[in-house]
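These are my notebook entries on a single chain. I set down what I looked up, entry by entry.

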Amino acid sequence: MKTIAQLQNVTKVIKGKKIIDSLSFEVNEGEVFGFLGPNGAGKTTTIRMMVGLMRITEGDVLIYGKSIQKDFVNSISKVGAIVENPELYKFLSGYQNLKHFARMHKGITEERIKEVVELVGLTKRINDKVKTYSLGMRQRLGIAQCLLHKPKLLILDEPTNGLDPAGIREIRSYIRKLASEEGMAVIVSSHLLSEMEMMCDRIAILQSGKLIDVQDIRAFVGGTEQIYQIEVSDAELTKTSIKKLDPSVQFEVKGKQVQLAIEKEQIPELIKILIEDGVAIFSIIPISKTLEDRFLEITNDKGEIVNV
């Protein structure tokens, strides 16, 4: 898998205070990479340094092997980005906007403009004025603008901000399509944890400018333990049985249902113990953790990152 973007100990100091502290990670071809963290964690600041809108105090960003610090023009030519909101001329049509932005790069043909318009699903409305567009359509036009020069890396800061559920789903599907069909590396920052879970392949967890972890989204949400809900004939006896299995297992009793976090391999042994203790088992159902569940676990429910 080819590395498209690489952060090497990126640090930002403002008025003697470290805003970003030695961030290092890689983003690969064909993946959607998410920035996750509480407000003020440093997501937008990192993105601004990656696209040259803010000077890097220490470290470097390599885009397709080219340094943002030493070879800005060549490195940024491989990047398409929307930081916060797409800037568009509302009094012009969508097509006129794209024609205007196409002049900023060499070699963008009419064919390429039509190609990106079709890719983001704006063919029927591209000749209408942008002021008549919905928020979702403006976001799609912004993405089309970013794609004109065939970037290797697409950076989107809060791409679903202000959108209704239908618009959010549209943008999510286009982002996944760009990564899978165009082989692009996409970096996405968002506060919508459920969307990040559906959209991203890997996530970077930031807190107070520091990188806490980079994990595959499925491994992060799943982990080694799974929560199971067991419906039993006797909850009190079940509590005793669970302690026989492993005294450290966390569980919660709700009537005749018991929720507990154990590894899949422990289930047969638990069933055996329950039967030996005379507990009737009516059902065992795995309950999947969401990204929100895991995020709240490691941020201690207060936006403060604790050890993962």
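**Entry 1. Asp128 and its partner**

I began with Asp128, which is partly exposed, with a relative accessible area of 30%. For burial I used these classes: buried is under 20% relative accessible area, exposed is over 50%, and partly exposed lies in between, with a 1.4 Å probe and protein chains only. Asp128 forms a salt bridge with Arg125, and their closest N and O atoms are 2.4 Å apart. I took a salt bridge to be a side-chain nitrogen of Lys or Arg within 4 Å of a carboxyl oxygen of Asp or Glu. Arg125 counts as partly exposed as well, at 29% relative accessibility.

**Entry 2. Basis of the values**

I note that the model is predicted: local features need pLDDT of at least 70, side-chain atom pairs count only at pLDDT 80 or more, and totals for chains, interfaces and linings use all residues. Residues are numbered from 1 along each chain as its sequence is written, and side-chain values use heavy atoms, with hydrogens and water left out.

**Entry 3. Other salt bridges**

By the salt-bridge rule I count nine. One of them joins Arg202 to Glu31, with 2.7 Å between the closest N and O atoms. This pair links distant parts of the chain: Arg202 is in strand β9 (residues 202-207), Glu31 is in the loop between β2 (17-28) and β3 (32-36), and 171 residues separate them. Helices (H or I, at least four residues) and strands (E, at least two) are DSSP runs, numbered from the N terminus. I looked up the burial of both partners: Arg202 is buried, and so is Glu31.

I then turned to Glu236 and Lys239, which form a salt bridge with the closest N and O atoms 3.4 Å apart. The two are separated by about one helical turn because they are three residues apart in helix α9 (residues 235-245). Glu236 is exposed, with a relative accessible area of 53%, whereas Lys239 counts as partly exposed at 25%.

**Entry 4. Aromatic rings**

I paired rings of Phe, Tyr and Trp (its six-membered ring) if their centres lie within 6.5 Å; planes under 30 degrees apart count as stacked, over 60 as edge-to-face and the rest as tilted. The count comes to five aromatic pairs. Tyr89 and Phe91 form an edge-to-face pair, 6.0 Å centre to centre with 65° between the planes. Tyr89 and Phe101 form a stacked pair, 6.3 Å centre to centre with 25° between the planes.

Elsewhere, ring pairs link Phe25, Phe33 and Phe35 into a cluster.

**Entry 5. Nonpolar cores**

I defined a nonpolar core as a set of buried Ala, Val, Leu, Ile, Met, Phe, Trp, Tyr and Cys residues joined through side-chain atoms within 4.5 Å. The largest has 42 residues, and Leu98, Ile143, Leu147 and Leu154 have the most contacts inside it. Helix α5 (residues 135-147) supplies the largest share of this core, six residues. Apart from it lies another core of 27 residues, among them Ile63, Val83, Leu153 and Ile187.

I also listed the contacts of Leu147, where contact means heavy atoms within 4.5 Å. Leaving aside neighbours within four places in sequence, Leu147 is in contact with Arg112, Val116, Leu119, Val120, Leu154, Leu178 and Met184.

**Entry 6. Helix α4**

Which residues of helix α4 are buried? In α4 (residues 110-119) they are Arg112, Ile113, Val116, Val117 and Leu119. They lie on the same side of α4 because they cover an arc of only 160° around the axis; the arc is that of the directions from the helix axis to the C-beta atoms. The face turned away from the buried side carries the exposed residues Glu111, Lys114 and Glu118. Cover for the buried residues of α4 includes α3, α5 and α6 (165-182).
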